[in-house]
Amino acid sequence: MKLLLKSRNIIKQVYSITPLVLVFVAALAFNKVRKTNNSESGYYPIAVKDTTEREKSIQKFKEVAKVLRHPRCINCHPSDNYPRQGDDMHKHLFNVQRGNDDRGAIGMKCISCHGASNNKYSGVPGAPEPDDPNKSRWHLAPLSMGWMGLNDAELGERLLNREMNGNMSPEDLVKHMEEDPLVLWGWNPGGDRAPIPIPHEEFMETLKEWVDTGAHVPKEDE
């Protein structure tokens, strides 16, 4: 009889512990899912408190996208192997191509013509490296960062997917667009080139507001 009672007590203890075990396992599983959906997994958009913030974020992104589609940006962010020129974004003259390192094909490297600043005699544009004002920074963005022909949803994914954007977080993108000399050249291109019409300071304010509200982008059906 004592053995039977002891067995029943053990069974009751097992049943009382089982729900706690299930809760613990579920918590571990949820935590694993949550971790795989953060910025380390590629696509970045972060959670916001309500739909109002998301809608505001998307509107800010659309303003940012207008700048990113300007010829001064698109010409260095083509979706193929040819840099572009001019406000009509025609292919670079002389059959200039991307090359294996985004800096031009062998014998036709970008820095062969493009220096650390605009050449006022030839009209050829240039921009310096951040850490060396005498070294040219002229090159194409990687093919994974090509923006030509993309809709808002596709452009947003390119910007936020760390596997496609050079492993940059939204905060890194802000720093890049605020400080990179090649980016800044778009607002002061020289010659008869049309600069990006929105002042850089205003653009940066919009970009930061987009990030601060969650860095959200439209879906394909929005």
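Predicted model: local features only at pLDDT ≥ 70, side-chain atom pairs only at ≥ 80, totals over all residues.
## Helices α5 and α7

On the α5 side, the contact is made by Pro170, Glu171, Leu173, Val174, Met177 and Glu178. On the α7 side, His200, Phe203, Met204, Leu207, Lys208 and Val211 take part. Sorted by class, the residues of this contact are eight nonpolar, three charged and one polar.

## Nonpolar cores

In soluble globular proteins, nonpolar side chains tend to be buried together. The largest nonpolar core here has 27 residues. Leu68, Leu159, Phe203, Leu207 and Trp210 have the most contacts inside this core. At least two of its residues come from each of α2 (51-68), α3 (71-74), α4 (152-160), α5 and α7.

What does Phe203 touch, leaving aside its neighbours within four places in sequence? Phe203 is in contact with Val64, Val67, Leu68, Met177, Trp187 and Ile198.

A second, separate core has five residues, including Cys110, Ala127, Leu182 and Trp185.

## Cysteines

The structure holds zero disulfides. For Cys73, the nearest cysteine sulfur belongs to Cys76 and is 8.6 Å away; a disulfide needs the two sulfur atoms within 2.5 Å. Cys73 has 13% relative accessibility and so counts as buried.

Cys113 is also in no disulfide, and its nearest cysteine sulfur, that of Cys110, is 9.1 Å away. With a relative accessible area of 58%, Cys113 is exposed.

Methods. Residues numbered from 1 in each chain as written. Heavy atoms only, no water. Contact = heavy atoms within 4.5 Å. Helix = DSSP H or I, 4+ residues; strand = E, 2+ residues; numbered from the N terminus. Nonpolar A, V, L, I, M, F, W, Y, C, P; charged D, E, K, R; others polar. Core = buried A, V, L, I, M, F, W, Y, C linked by side-chain atoms within 4.5 Å. Buried < 20%, exposed > 50% of the residue type's maximum accessible area, 1.4 Å probe, protein only.
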